[in-house]
Amino acid sequence: MRGAGLLYVLKSRTLLVLGAFLVGTMTAAALAAPWAAPFDPLAIDPDAVLLEPSALHPFGTDSLGRDVFARMLHGAGVSLRVGLISVGISVSIGTTVGLLAGWFRGLVDECLMRFVDVMLCFPTFFLILAVIAFLEPSLTNIMVVIGLTSWMGAARLVRAETLSLREREFVQAAKLAGAGTARILFRHILPNAAAPLLVSATLGVAGAILTESGLSFLGIGVQYPFPSWGNILIEGKETLGVAWWLSLFPGLAILLTVLGYNLLGEGLRDLLDRRASR
Amino acid sequence: MTFWFGLALALIALCAGLYLLLPAGRRPAAAADLAGRLLRRGAWLFAVFMGITLVCFLVIHLAPGSPTDMQTTLNPLADADAQRRLAELYGLDKPLYEQYYLWLKRLARLDFGVSMSSDSRPVMDKILERLPLTLGLNVTTLLLTLLLSIPIGVLAARRRGGMFDKATTLFVFLGFAMPGFWLALLLMVTFSIDLRWLPLSGLTSVDYASLSPTGKVLDVMSHLALPIFVSTFGSLAGMSRFMRASMLDVLQRDFILTARAKGLPERRVLFRHALANALLPMITILGLSVPGLIGGSVILEYIFALPGMGQLFYNAVMARDYPLIMGNLVLGAVLTLAGNLTADVAYGLADPRIRAGLRIGGAGLRDTEEA
């Protein structure tokens, strides 16, 4: 970064800065929810049913008189957890599969990659829906199932990186120096494959948040009375044409958060990608 | 259905027979190559299909709870004996591998079993009456997406960083981040409740039966306008982005330079030389987008109350109707595999360079990722 400093960063990395800002805001909201929320998100108030947004209730109240702003602050935590943990699961699986396939090649590679092909042919959303509805809808189940069905992209990416890195001199040198396979894979290859993996993980968070909100909207995500952006939208649907604030704000929050992670991912790609950015 | 299945088998047998009748030296080499590849591909598709059914079957049957819960444990009038008899009726008392074997045996005769819901209708009938709507919706969406995303991608790539490119990039980011069901809610409020231009939900109006034939078509079309718009908007972002990237990639190749150097008009360079090559990877993406479309129809049909496959599946899951769930999953898998296969065959037909190395399941995509 040259002398112009902040202005230069802002101009040359618009995507990254905008994305980081949106993601940062949402993360702060999620972390601050227990203190910042003006009301208890579960507190029912029969005297404050379906109030329009006002100074007291910035986002209005729902049909049970609960403060929508407080519910949305707590919903931010749900989205954040789902996004990070399910991507954590999918990246761990994808990395392991990709490293093994790329390092051992041959039969191991063939079997693992064929398995990836099979997974890609799955009617994934159908399966997620069925599994979660059967296992009792809960946040843990959602995170695990999303993680288990979304690791294929990371696996292909890590495999491709491993295939090219394993021929490089520093890997050969490590091998000659007597490093074990695990050490080479995790200490030498993985750190060098981290950049594209980080990009794909960031974009994965966006996808996981969208999937969770869709599941919650279908009524098989986060369960009543606990708030998530998706299940506040259920009430938005029920009061369609009556209480616009119940559909507008949660949807906007989902849109901005997903947008934030996508921008951050694209920004990171521009920043980290050695190859010409698209 | 069985008839068509038989006919297809007979045709394949006929081709194989004719081929074998030719003296070995005069068999066309290309045909032998093709036959071998089709055979390998067929075996692979079959293996994938079996894998999918096995995993789905296990996941569904191993999950805690049972479809008989609704009628027994939750019903104070039913005792343990009634539950046992009900499980026996549905074959749920048998060991899992036997249930899977029996299910496969029925599947081989294209028999998906009978729904566990109170109407006890064959799963096949229930799915077939729902399929046209979902298929129609998705095919329309795909066609509209192609029709829009190709010109958008080409124009955005023509002047990279120009006004049009910037505007569409913004639109693409919005499209990626927009939850489809939220867009649907907003559109319903605007066009159905405030403006009253379009019906709110469902497939037909109350007075549908009394409408003229033209009126009926218009009625259904007005009901489908919003769902098709939402679904197209959702897939447009990814598709136009991909088209742009593909076009940018092609535009920096040498043959484009050659075309420009020999003085061809820019229009011809873009739409003949570049477009033809940039379209190839799109075929693979189209095949890969099938599972997304099928899955997406669950939320879409739920919110617009459309009686399609997605809604059927949602209801089946909620009622734990095992045969109906399996039927839907199998059909989803078949549609996905068919989409992939069609894409690969189309890719091979469109690009002579690819014919040698056909592989299933987005091999093309992987190539572009690794390139």
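In which helix of chain A does T162(A) lie? T162(A) belongs to helix 7 of chain A, where helices (H or I, at least four residues) and strands (E, at least two) are DSSP runs numbered from the N terminus. The structure is a predicted model, in which local features need pLDDT of at least 70 and side-chain atom pairs count only at pLDDT 80 or more, while totals for chains, interfaces and linings use all residues. Residues are numbered from 1 along each chain as its sequence is written, and chains are lettered from A and ligands numbered from 1 in the order in which they are written.

T162(A) is buried, because 25 other C-beta atoms lie within 10 Å. A residue is called buried if 20 or more other C-beta atoms, placed from the backbone, lie within 10 Å of its own, exposed if 12 or fewer, and partly exposed in between. T162(A) and L99(A) are 63 residues apart in sequence, yet 6.2 Å separates them in space, C-alpha to C-alpha. Leaving aside neighbours within four places in sequence, T162(A) is in contact with G98(A), L99(A), G102(A), W103(A), I189(A) and A193(A). Here, contact requires that the C-beta atoms of two residues, placed from the backbone, lie within 7 Å.

Chain A as a whole has twelve helices and zero strands. Its C-alpha trace spans about 75 × 55 × 30 Å along the principal axes. Of the 278 residues in chain A, 50% are buried. Among the contacts in chain A with a separation of 6 or more, 69% join residues 24 or more positions apart.

Within chain A, the axes of helix 10 and helix 11 come within 7 Å and cross at roughly 40°. The two helices of chain A are therefore oblique to each other. Axes are lines fitted to C-alpha atoms, for helices over the stretch in contact, and angles run from 0 to 180 degrees between N-to-C directions. Angles under 35 degrees count as roughly parallel, over 145 as roughly antiparallel, 65 to 115 as roughly perpendicular and the rest as oblique. The crossing of helix 10 and helix 11 of chain A is right-handed; a crossing is right-handed if the near helix is turned clockwise from the far one by less than a right angle, and left-handed if anticlockwise. The residues of this contact divide into five nonpolar, five polar and one charged. Ala, Val, Leu, Ile, Met, Phe, Trp, Tyr, Cys and Pro count as nonpolar, Asp, Glu, Lys and Arg as charged, and the others, Gly among them, as polar.

Chain A also meets chain B: 38 residues of chain A are in contact with 46 residues of chain B. By class, the side of chain A that touches chain B has 26 nonpolar, eight polar and four charged residues.

In chain B, the axes of helix 8 (residues 213-251) and helix 10 (residues 266-288) come within 9 Å and cross at roughly 140°. This angle makes helix 8 of chain B oblique to helix 10 of chain B. Their contact has eleven nonpolar, two polar and no charged residues.

Finally, two loop residues of chain B deserve attention. Most residues other than glycine have a negative phi. A305(B), which is not a glycine, has a positive phi of about 50°, and its place is in the loop between helix 11 (290-303) and helix 12 (309-319) of chain B. R320(B) has a positive phi near 55° and lies in the loop between helix 12 and helix 13 (322-350) of chain B. A305(B) is exposed, with 12 other C-beta atoms within 10 Å, whereas R320(B) is buried, with 21.
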